[in-house]
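Student: I have a structure open and would like to talk it through. Could we go over it together, one topic at a time?

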Amino acid sequence: MIRDIFTKNKKKRTMTIPSADAKNDVPEGIMTKCPACKHVVLTKDLAKSLKVCPKCDHHYKMTASERVNCLFDEGTFESIDNHLKTENPLHFPAYTEKVSSDALKTGLNEAVLTGTGKIDGNDVAVAIMDSHFRMGSMGSVVGEKITRAIEKATDLGIPMIIFSASGGARMQEGVLSLMQMAKTSVALNRHAEKENLYISVMTYPTTGGVSASFASVGDINIAEPKALIGFAGRRVIEQTVREKLPEDFQTAEFLLDHGQLDAVIHRADMKEALAKIVRLHQKEVI
C-alpha cells in the first residue's frame, strides 16, 4: 500500500515535465525581451506599437521596409536604384560573401533604401539606412544611392529626408568609403542652393563618417529618443581628454540640451512631425 502511494506520486511528478515535442510547439520568436528594461512582450504586439517597448519606451531598431510602412501613405512609395550592387574593389577577404549574405537576409541590395513617396499627401524623397545590413556601414554604393536620391529630390524640387542608422564608413572599402562623405555633402549643398528642404533624422546608431557628413547638416536635425549619436566612441574620447564623460553622453537628449539637435521625436509622432515640417516649408507657387 505505502509503495503504491510513492509510485503514484512519482508518476504525477513525471507527467508535469513538458516533453521535447511540447517545447518545439512554441514558435520561435513569438516573444521579445526588451534589452533596456527586460520586459517581455508578444512580438506581434511589439510590431503594432512600431517596435517601441510598452513599458520603458525603448525604441528598437527598425528595418528600412518597416520605416516605409509606418511613414508613407499607402501605395505611394517607389524605390529607386535597386540595381546598384557592391563590388569588392580592394579584394577584401570574404567581403563579397558577407554582402551577399546580408542581401539575402534583409532583402536589400545595400544598407540603404532610397525612393520617393508621399507623407500625409506631401511629396518627398527619402534615404533610409538599415543597420541590419553590414551594421548600416557606408560603402561606395550606399554613398552613390544617397547622392542619387538627393539629386532626384533637387530635380523634382521636393524635400529630402534621410534616416541615418549606421556604424560609419565601411572599412572594407577604405578611402572609397570615406569619399562618400564629401560626395553626399556636396549633393546636399546643391540641393540647398535650389532652396530645397533637407531633414536629417538620426536613429540608433548614427556614428562615425555618417554622423560627420550628411547626418549632421540638415536644415532641421531631429532624432529618436535615446539614439546614439557621435563620431568617436566613448572610450576613445575619455582616453583622449582624460576625463569621465556623463552617463548620457552622445545620446539624442544630450545633444538636444547642447544645441546640436532641433528636436527629439517619439517614433509614434514621427510621421505627423515630418508632415508638419514639410508643409511649413512648402514653396509658394506663383
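Student: How many nonpolar, polar and charged residues are in the lining of the largest pocket?
Tutor: The lining of the largest pocket has 10 nonpolar, five polar and eight charged residues. Please keep in mind that this is a predicted model.

Student: Which residues of that lining lie nearest the centre of the largest pocket?
Tutor: His58, Tyr204, Pro225, Lys226 and Ala227 lie nearest the centre, out of 23 residues that line the largest pocket.

Student: And how much space lies in the largest pocket?
Tutor: The largest pocket holds about 460 Å³ of space.

Student: Now cavities. How many of 30 Å³ or more does the count come to?
Tutor: The count comes to one cavity of 30 Å³ or more. The volume of the largest cavity is about 30 Å³.

Student: Which residues line the largest cavity?
Tutor: Its lining is made of Arg67, Cys70, Leu71, Phe163, Glu224, Arg267 and Met270.

Student: Which element gives the most?
Tutor: Helix H4 gives the most to the lining of the largest cavity, with three residues.

Student: What about classes in the lining of the largest cavity: how many are nonpolar, polar or charged?
Tutor: Four residues of that lining are nonpolar and three are charged, while no polar residue takes part.

Student: Changing topic: how many residues does helix H6 have, and how far does it reach?
Tutor: Helix H6 covers residues 140-156, which is 17 residues. From its first C-alpha to its last, H6 reaches 24 Å, close to the 24 Å expected at 1.5 Å a residue.

Student: Which residues in H6 are buried?
Tutor: The buried residues of H6 are Val141, Val142, Gly143, Lys145, Ile146, Thr147, Ala149, Ile150, Ala153 and Thr154. As a general point, an α-helix has 3.6 residues a turn, so residues three or four places apart point the same way.

Student: What covers the buried residues of H6?
Tutor: The cover includes strand S4 (112-119), strand S5 (122-129), strand S6 (160-166) and helix H7 (174-193).

Student: And what follows H6?
Tutor: Glycine 157 follows H6, and the phi of this glycine is positive, near 70°.

Student: Next, glutamine 180. Where is its place, and is it buried or exposed?
Tutor: Glutamine 180 is in helix H7. It counts as buried because its relative accessible area is 5%, and buried means under 20%.

Student: What is glutamine 180 in contact with, leaving aside its neighbours within four places in sequence?
Tutor: With those neighbours left aside, glutamine 180 is in contact with Met138, Gly139, Ser140, Gly143 and Glu144.

Student: How far apart are glutamine 172 and leucine 90?
Tutor: They are 82 residues apart in sequence and 7.2 Å apart in space, C-alpha to C-alpha. Apart from neighbours within four places in sequence, glutamine 172 is in contact with Leu90, Phe92, Tyr95 and Arg134.

Student: Lastly, how many helices and strands does the protein have?
Tutor: The protein has 11 helices and 10 strands. Of its 286 residues, 43% count as buried.

Definitions and conventions. Residues numbered from 1 in each chain as written. Predicted model: local features only at pLDDT ≥ 70, side-chain atom pairs only at ≥ 80, totals over all residues. Heavy atoms only, no water. Helix = DSSP H or I, 4+ residues; strand = E, 2+ residues; numbered from the N terminus. Expected span 1.5 Å × (residues − 1). Buried < 20%, exposed > 50% of the residue type's maximum accessible area, 1.4 Å probe, protein only. Contact = heavy atoms within 4.5 Å. 1 Å grid on protein atoms, 1.4 Å probe; cavity = no way out; pocket = protein on both sides within 12 Å on 5 of 7 lines; lining within 4 Å. Points joined across faces, edges and corners; volume = space filled by probe spheres on them. Nonpolar A, V, L, I, M, F, W, Y, C, P; charged D, E, K, R; others polar.
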